[in-house]
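Trainee: Could you walk me through this model, one feature after another? I would like to learn how to read each of them.

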Amino acid sequence: MYVRRIPLEQVPEEEDQCSAWLHRLYQEKDAFQEQYYQTGTFPETPMVPPRRPWTLLNWLFWASLLLYPFFRFLVSMVSSGSSLTLAGFVLVFFVASVGVRWMIGVTEIDKGSAYGNMDSRQKHKD
């Protein structure tokens, strides 16, 4: 991704000048894109943001807080030896997994509404 800040003072106020400036800007963008396709890099020095340990520490905290009791519960379920309890646990886990996959599937774009789609508008008119 290439990001550049353009000061507002550089943008012309007259419509003709602004149009020409914008046209040059798009030509520059096309040249950057062409160079990226040829070399795989943009013309200026890339900026790599520094890694922040806070994200990892936050994830580790919540994972240990939430997963430790779950694994203790899982170990106690397996060590209880009751096949009915184990079957119930597997069933609940399976139903939860299917439910989550179904909820993710509902949000897929191809299953969304056709509202605003030109093809569906034309079908309704015919």
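Trainee: What pattern does the chain follow, read along the sequence?

Mentor: Start with the order of the elements: here the pattern is α-α-α-α. That gives four helices and zero strands. Keep in mind that this is a predicted model.

Trainee: How many residues does helix α1 have, and how far does it reach?

Mentor: The idea is to set the end-to-end reach against 1.5 Å a residue. Helix α1 covers residues 15-39, 25 residues in total, and reaches 36 Å from its first C-alpha to its last, close to the expected 36 Å. Just after α1 comes G40, with a positive phi of about 85 degrees.

Trainee: And what does the check give for α2?

Mentor: The 28 residues of α2 should span 40 Å, and its end C-alpha atoms are 40 Å apart, so the two values agree. Look along the helix as well: α2 bends by about 30 degrees at L67, and the proline P69 follows within four residues. Just after α2, G81 has a positive phi of about 85 degrees.

Trainee: Now the rings. How many aromatic pairs are there?

Mentor: Two things matter here, the distance between ring centres and the angle between planes. The count comes to five aromatic pairs. One of them joins Y36 and F42, with 4.8 Å centre to centre and 20 degrees between the planes. Planes under 30 degrees apart count as stacked, so this pair is stacked.

Trainee: Which kind of pair do F70 and F89 make?

Mentor: Their ring centres are 6.5 Å apart and their planes are at 35 degrees, so this pair is tilted. F70 lies in α2 (residues 53-80) and F89 in α3 (residues 83-106), so the pair ties together parts 19 residues apart in sequence. F70 is partly exposed at 31%, whereas F89 counts as buried at 18%. Ring pairs also link F70, F71, F73 and F89 into a cluster.

Trainee: How much of the chain is buried?

Mentor: Buried residues make up 6% of the 126 residues, and F89 is one of the buried residues.

How values were computed. Residues numbered from 1 in each chain as written. Predicted model: local features only at pLDDT ≥ 70, side-chain atom pairs only at ≥ 80, totals over all residues. Heavy atoms only, no water. Phe/Tyr/Trp six-rings, centres within 6.5 Å; stacked < 30°, edge-to-face > 60°. Helix = DSSP H or I, 4+ residues; strand = E, 2+ residues; numbered from the N terminus. Buried < 20%, exposed > 50% of the residue type's maximum accessible area, 1.4 Å probe, protein only. Expected span 1.5 Å × (residues − 1). Bend = angle between axes of the 7 residues up to and from the residue.
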